[in-house]
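Please read it with the sequence and the model open beside you.

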Amino acid sequence: QQSYKEKNMSVNLKTLTAANANVLVRCKGVYDNYVKQQGFQVDNAFGFGDRTVGETRAGVDRQLSGGYVFNETPFTIFYEGNSQSLSMMDNCMIDFQKNGETRPFDFIVEIPSIKKRYSFSGFMVTAPSGVSAQKMLGGVQYVFNVDEFAPEDIN
């Protein structure tokens, strides 16, 4: 016979661990191979913004209609001011400024704790001008607008 605890306790075997997540980035023409990103901020590593997936209109007769729309998704990487990965981003920015042109970035984000992988591409849309100095060096963030993607299950 099962105990009360065995019958009534539910344990999710997928943890909330973020420490084992991997972010791989490449910017073809500057970095043709994926580079594992390192040196994330203490409370932030990366984040996906909200994606607009539909639009609606209400007619003069108050009937609401809606439709699916394609839209980009903001993706932000948060680095500490001393991150080793800032050199990669700096080199990409130097290339953009030198050539007066941007390049697409490719990403692979793996989160083993929830067994998910995200693969997507996009363009850098905001970048810091440099690292700020307060009591300690401040963190920086790079924002990319990326194409649509769906998570894929991994083992």
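1. Contact is used below for heavy atoms within 4.5 Å. On that basis Phe105 touches Val25, Arg26, Cys27, Met89, Cys92, Phe96, Phe120, Ser121, Gly122, Met124 and Phe144, with residues up to four places away in sequence left out of the list.

2. A word on the basis of these values: this is a predicted model, in which local features need pLDDT of at least 70 and side-chain atom pairs count only at pLDDT 80 or more, whereas totals for chains, interfaces and linings use all residues. Residues are numbered from 1 along each chain as its sequence is written, and side-chain values use heavy atoms, with hydrogens and water left out.

3. Helices (H or I, at least four residues) and strands (E, at least two) are DSSP runs, numbered from the N terminus.

4. Strand E8 can be followed through its pairings, two strands being paired if DSSP finds at least two bridges between them. Strand E7 (residues 105–111) pairs with E8 (residues 116–126) in the antiparallel sense over seven bridges, and Gly122 in E8 is the bridge partner of Phe105. These two strands form a hairpin with four residues between them, and Lys115 in the turn has a positive phi of about 55°.

5. Is Gln84 buried or exposed? Gln84, in the loop between strand E6 (73–79) and helix H2 (86–99), is exposed because its relative accessible area is 53%; buried means under 20%, exposed over 50%, and partly exposed in between, with a 1.4 Å probe and protein chains only.

6. Beyond its neighbours within four places in sequence, Gln84 is in contact with Gln38 and Gly39. The side chains of Gln84 and Gln38 make a polar contact at 3.2 Å, that is, a pair of N or O atoms within 3.5 Å; within protein, one must be able to donate a hydrogen and the other to accept it, and residues adjacent in sequence count only if both atoms are side-chain atoms. The C-alpha atoms of Gln84 and Gln37 are separated by 8.0 Å, these residues being 47 apart along the chain.
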